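Biologist: I am new to this structure and would like a short tour. Could you take me through it place by place?
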Amino acid sequence: MKKSNPLTGMGKGYTLAEAMAEADRCLLCHDAPCSAGCPGGTDPGTFIRKLKFRNVTGAIRTIKRNNILGGACGALCPTAQLCERECSATGLVGGPIQIGKIQRALVEHAWAVGFRPLEKAERRREKIAVVGSGPAGLSCAAELAQTGFSVTVFEAKAKAGGVLRYGVPAYRFDPKFLDRELKDLVALGVVFKCSAPIRGPGAAEKLLKKGFAAVFLAPGLWEPIRLQDSAPSLPGLFTATEFLCALRDGKQAQIGKSIRGKRVAVIGGGSVAMDSAESAWRLGARDVYLVYRRSYTQMPAEEDERQDLLRSGIHFLLLNQPVGYRTGARGRLQAIQLVRTELGELDASGRRRPVEVKGSQWELPVDAVIEAIGAKAVPGGEGIAPSVKRTRDGLIPVDSKTGATSAKMIFAGGDIVRGPALIIEAVQDGKTAAHAIRRRLQK
Ligand SMILES: Cc1cc2nc3c(=O)[nH]c(=O)nc-3n(C[C@H](O)[C@H](O)[C@H](O)COP(=O)(O)OP(=O)(O)OC[C@H]3O[C@@H](n4cnc5c(N)ncnc54)[C@H](O)[C@@H]3O)c2cc1C
Ligand code: SF4
């Protein structure tokens, strides 16, 4: 495989001068369709207009006041599906304005020159507890801290950031970039308690009794969905959650032993499968097979991600359903068992259903497998807040206008409400709940 292919990657973003030149292409649409295309209200129409007229500090203020993770979103949002898809310059020479890149450059510029766009508000007496430091929790914390609340974020893991730290591979999102964005929250007075899981029966309700005026639940989805219910524990068999998390947790050498020079199958067709396949490739796998039971166009991963992987030499094994594993001596993985599929009638998702072809079983010899077929709520998670209603899948239904759960003064947002979603959607949930908490406490 050619290792010089840049694939995706955080890389160096725009300089301020490049961001200005890009903003100069903006058509200044009266109705700013790009802003309507941002699910988190970051308002690119306004910050690009300000930049075009050289109001750099004003542009930075717009971004960070609307979105505490403006830098992370600028780097990671699938902009082609969101703000940039709505840009009126699409179809003109140069294509849509590169909104994500401008956004990231402005946030980085603020850090470089020490400009602080956010101010601490006068302190209020109420304390708020945020459970989970992923994008939803961070956004809720920042929004409340900006209006004077004392916010404590409880995080189960050793460091803050959720999927941004323990999921998205480091080649796409540098942990130092996240640390810098977290400093903006610390400057607002947000207190982080890491390695401090909220656990035990009624732990969330107990926080209210201990004097927190409201609780925001944002624990995300950390239980991997397995290929088989009684998933075997085999050397060389990983879930994407454990594989990507271990890589971000400094265990590259350990994981690398199972991947370097080996044949690796990654099961799944979404973005997490793409991250897993690319990570395996970067660790030096001999061959990486992406195994997906539907067709290429049905893959949930974005087109450019798929193209990048194809160009790098990752093999796409489409229309194949994994059904099990074959092991050899000492339980070592030897092959993944597959059944060929063909597309049948439309299913509930509006896509043609994969139907197994009878008698088409075959085996692909592999040394390692990464299952990237989704994640769900951690079983038993409902115990920490028994007064909060859950769906059968363990998700938390909320009032979409407030983020309120069925329990008084307990709110929720992010993946635990939506199912697997996007960073900017989690950011929006954090803001929605923060506004509702503020309104309730001002009554
Ligand atoms: C590998 C991967 C790559 C992705 N790439 C992108 C991308 O490029 N762009 C994009 O827009 N989206 C991406 N996503 C999706 C995005 O990261 C999620 O939608 C987003 O992180 C959800 O935010 P959240 O705050 O709900 O949860 P999370 O980010 O999952 O954070 C939840 C936090 O809560 C903590 N926690 C859980 N239980 C407790 C408890 N009881 N007490 C205390 N803390 C607790 C967890 O440790 C975690 O830190 C990706 C997802 C994955 C898995
Ligand atoms: S936050 Fe994301 S979707 Fe919103 S304007 Fe910025 S890059 Fe676009």
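Modeller: Let us begin with Ser-258, which touches Phe-238 and Ala-368 when residues up to four places away in sequence are not counted; contact here means heavy atoms within 4.5 Å. This is a predicted model, in which local features need pLDDT of at least 70 and side-chain atom pairs count only at pLDDT 80 or more, while totals for chains, interfaces and linings use all residues. Residues are numbered from 1 along each chain as its sequence is written, chains are lettered from A and ligands numbered from 1 in the order in which they are written, and side-chain values use heavy atoms, with hydrogens and water left out.

Biologist: Which helix holds Ser-258? And is Ser-258 buried or exposed?
Modeller: Ser-258 belongs to helix α12. Helices (H or I, at least four residues) and strands (E, at least two) are DSSP runs, numbered from the N terminus. With a relative accessible area of 15%, Ser-258 is buried. Buried means under 20% relative accessible area, exposed over 50%, and partly exposed in between, with a 1.4 Å probe and protein chains only.

Biologist: What does α13 pack against?
Modeller: The buried residues of α13 pack against α11 (240-248), α12 (252-259), β7 (263-267), β8 (287-291), α14 (303-312) and β13 (368-371). Nine of the twelve residues of α13 are buried, so this helix is largely enclosed by the rest of the structure. Among the buried ones are Met-274, Asp-275, Glu-278 and Trp-281.

Biologist: How far does α13 reach from its first C-alpha to its last?
Modeller: Helix α13 covers residues 271-282 and reaches 16 Å, close to the 16 Å expected at 1.5 Å a residue. The expected span is 1.5 Å times one less than the number of residues in the helix.

Biologist: What about the loop between α13 and β8?
Modeller: Leu-283 is in that loop. Leu-283 is buried, with a relative accessible area of 13%. Leaving out residues up to four places away in sequence, Leu-283 touches Phe-243, Leu-247, Gln-252, Ile-255, Gly-256, Ile-259 and Arg-260. Leu-283 and Phe-216 are 67 residues apart in sequence, and their C-alpha atoms are 38 Å apart in space. Gly-284, which follows α13, has a positive phi, near 100 degrees.

Biologist: Which residues other than glycine have a positive phi?
Modeller: Asp-43 is one of them, with phi near 65 degrees. Arg-330 also has a positive value, near 55 degrees. As background, most residues other than glycine have a negative phi.

Biologist: Where are those two, and how exposed are they?
Modeller: Asp-43 is in the loop between α2 (33-36) and α3 (44-52), and at 24% relative accessible area Asp-43 is partly exposed. Arg-330 is in the loop between β10 (320-327) and β11 (333-346), and at 85% relative accessibility Arg-330 counts as exposed.

Biologist: What else is in the loop between α2 and α3?
Modeller: Gly-37 is there, and Gly-37 counts as buried at 13% relative accessibility. Setting aside residues up to four places away in sequence, Gly-37 touches Leu-82, Cys-83 and Glu-86. Gly-37 and Thr-79 are 42 residues apart in sequence and 9.1 Å apart in space, C-alpha to C-alpha.

Biologist: Changing topic: where does ligand 2 sit?
Modeller: Ligand 2 sits in the largest cavity. On a 1 Å grid over the protein atoms alone, a cavity is a set of points where a 1.4 Å probe fits but cannot get out; a molecule sits in a cavity if more than half of its atoms lie within 2 Å of its grid points.

Biologist: How many residues surround ligand 2, and which are closest?
Modeller: There are 13 residues around ligand 2, and the closest are Cys-38, Thr-42, Cys-77, Cys-83 and Gln-103. A residue is near a molecule if one of its heavy atoms lies within 4 Å of it. Helix α6 (residues 99-113) gives the most to this shell, with three residues.

Biologist: And Glu-126, buried or exposed?
Modeller: Glu-126 counts as buried, at 10% relative accessibility. Glu-126 is in the loop between α6 and β1 (127-131). Apart from neighbours within four places in sequence, Glu-126 is in contact with Phe-149, Ser-150, Ala-213 and Leu-441.

Terms used. 1 Å grid on protein atoms, 1.4 Å probe; cavity = no way out; pocket = protein on both sides within 12 Å on 5 of 7 lines; lining within 4 Å.
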